[in-house]
Amino acid sequence: MLNDMLAYLSQNSSAYWTAVWEHLSLSFLALGAALVIGLPLGYWSSQSPLVRKLSQGSVQALRVIPSLGILFILIPIMGVGKVPALIALVILGLPSILLNTVVGFGEVSPVLTETGLGLGMTRLQLLWRVQLPLALPYILNGIKLALVEVIASATLATYIGAGGLGELIFTGLGLYRMDLLVIGGGSVAFLSFLTMILFDLTIKGVTPHDI
């Protein structure tokens, strides 16, 4: 099988790297959209009990729906292609970002908040200088979990024509080619593992020693 894998990579290196690029670009685009929605909503939720209850209830409900189910729900509405795949991945990545953002800001001591306001800080200054640095390790952990889930779930985007490494996996399944299954699945696993390592190192670097 190793010879088959090496032969495929040598003969189809351009197609392989195109699949990797499609997979990563779709994953990071989905992550970016989830961040734009999840970070502000998470901060707002941490400041408002009502918003927190509504947002947490909504994302917990989304977590019940399997990733493939979300894709199939979107097909009758939006058809196939990258757009419905992107929306499905955003829905999958949003809960981890939102919930960890709420937890992160919730861990900031009210004493520090009151002290900052007492020193004359504006709400914006307090956010950037006190609250965000303390909440950042939790937020980054949420981003890590979201990205790992998005990278893994992006393989299913092949079902609706969005490309990526899932094409190798499903082609391998259809043709009973173990080399394609290992190349596609191994690449996804490696990307997920690399993401976890990089984020863990970053989180360790930004975490205050007393947390």
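Buried means under 20% relative accessible area, exposed over 50%, and partly exposed in between, using a 1.4 Å probe on protein chains only. Keep that in mind for this predicted model, where local features need pLDDT of at least 70, side-chain atom pairs count only at pLDDT 80 or more, and totals for chains, interfaces and linings use all residues. Residues are numbered from 1 along each chain as its sequence is written, and side-chain values use heavy atoms, with hydrogens and water left out.

Start by selecting R177 and D179. Their side chains form a salt bridge, 2.8 Å from N to O (a side-chain nitrogen of Lys or Arg within 4 Å of a carboxyl oxygen of Asp or Glu). R177 is partly exposed at 32% relative accessible area, whereas D179 is buried at 5%.

Helices here are DSSP runs of H or I with at least four residues, numbered from the N terminus. K144 counts as buried at 10% relative accessibility; D200 is partly exposed at 34%.

Now move to T155, in the loop between helix 7 (123-153) and helix 8 (166-175). Is T155 buried or exposed? With 10% relative accessibility, T155 counts as buried. Show its neighbours too: leaving out residues up to four places away in sequence, T155 touches H23, G166, I169, F170 and V188, where contact means heavy atoms within 4.5 Å.

Key
Helix = DSSP H or I, 4+ residues; strand = E, 2+ residues; numbered from the N terminus.
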